[in-house]
Amino acid sequence: MAEGNWYTADVERVVVTEEQIRERVDELAKQVSTDYATAESVLLVGVLKGAVMFMADFARVLGRLGPPVEVEFMAISSYGQGTTSSGVVRILKDLDRDITGRHVILVEDIVDSGLTLSWLLKYLASRSAASVEVVTLLRKPDALKVPVNVRYVGFDIPSEFVVGYGLDYAERYREVPYVGVLRPSVYAR
Ligand code: IMP
């Protein structure tokens, strides 16, 4: 890991390293490739903005292994500027296309309370997809408030607020290449 980046001083502890992410993304893509071997294609639906890094890496590995992928994005708001889930979901950007008959894989950065995901799954189910599964890089099992069926999980992590690899605190730290916990002093700024 490079030392001396502007964010190094703000990160108290690394939870998942760049290398661990790379290895796990490869494993998840291999598993999905095997499970969808007979599918003509899969439609990856990423949830902006947090899933962008994971989507980019996951889509490239899966694309190489097959089946072919198509990529869509949705934008929803659930957290605002804070660090706790409100459960209130608002669509900021909807799907651009009809997903009827498609094999959809929802690509998530993190499942925390599961409230956002549960809402999204109901929404996608109502749009007549052939199948809908979820791949998430991170999951906080302790925080799960509603039962959600997540088929592919990268890492189970403790219930603490993390940033990096797409995840933000007040729109910052998304570009950090690993997942880490911020120093308490950062929140006091
Ligand atoms: P949930 O509805 O509580 O599962 O929250 C899901 C969304 O909240 C994720 O897609 C993230 O955007 C955000 N979120 C949850 N936990 C964290 C975290 O530890 N860091 C940054 N964002 C988080």
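The side chains of Asp35 and Arg151 form a salt bridge, with N and O 3.3 Å apart. A salt bridge here is a side-chain nitrogen of Lys or Arg within 4 Å of a carboxyl oxygen of Asp or Glu. Asp35 belongs to helix α1, whereas Arg151 sits in the loop between β6 (131-139) and β7 (152-156), so the pair ties together parts that are 116 residues apart in sequence. Helices (H or I, at least four residues) and strands (E, at least two) are DSSP runs, numbered from the N terminus. Across the whole structure, 16 salt bridges are found. Side chains of opposite charge can pair when their charged atoms come close.

The model is predicted: local features need pLDDT of at least 70, side-chain atom pairs count only at pLDDT 80 or more, and totals for chains, interfaces and linings use all residues. Residues are numbered from 1 along each chain as its sequence is written, and side-chain values use heavy atoms, with hydrogens and water left out.

A ligand oxygen lies 2.4 Å from an N or O atom in the Thr116 side chain. For the side chain of Lys140, the corresponding distance from a ligand oxygen to an N or O atom is 2.8 Å. Asp112 contributes a polar backbone atom, 2.9 Å from an oxygen of the ligand. Taken alone, the ligand exposes 490 Å², and the protein buries 93% of that. Accessible areas come from the Shrake-Rupley method with a 1.4 Å probe; for residues, only the protein chains shown count as cover.

Ala, Val, Leu, Ile, Met, Phe, Trp, Tyr, Cys and Pro count as nonpolar, Asp, Glu, Lys and Arg as charged, and the others, Gly among them, as polar.

A cavity is a set of points where a 1.4 Å probe fits but cannot get out; a pocket is an open set with protein on both sides within 12 Å along at least five of seven lines. Lining residues have an atom within 4 Å of a point. Grid points are joined across faces, edges and corners, and a volume is the space filled by probe spheres set on the points. One cavity of 30 Å³ or more is found. The largest cavity has a volume of about 40 Å³. Its lining includes Phe54, Asp109 and Tyr165. The second largest pocket holds about 260 Å³. Of its 15 lining residues, Ile21, Arg22, Val25, Asp57 and Tyr165 lie nearest the centre. That lining has seven nonpolar, no polar and eight charged residues.

Tyr165 is in the loop between β7 and β8 (179-182). Its phi is near 50 degrees, a positive value in a residue other than glycine. The Leu48 to Lys49 peptide bond is cis, with omega near -5 degrees. The bond from Gly66 to Pro67 is also cis, with omega near 0 degrees.

Definitions and conventions:
Polar contact = N/O pair within 3.5 Å; in protein donor to acceptor, adjacent residues only side chain to side chain.
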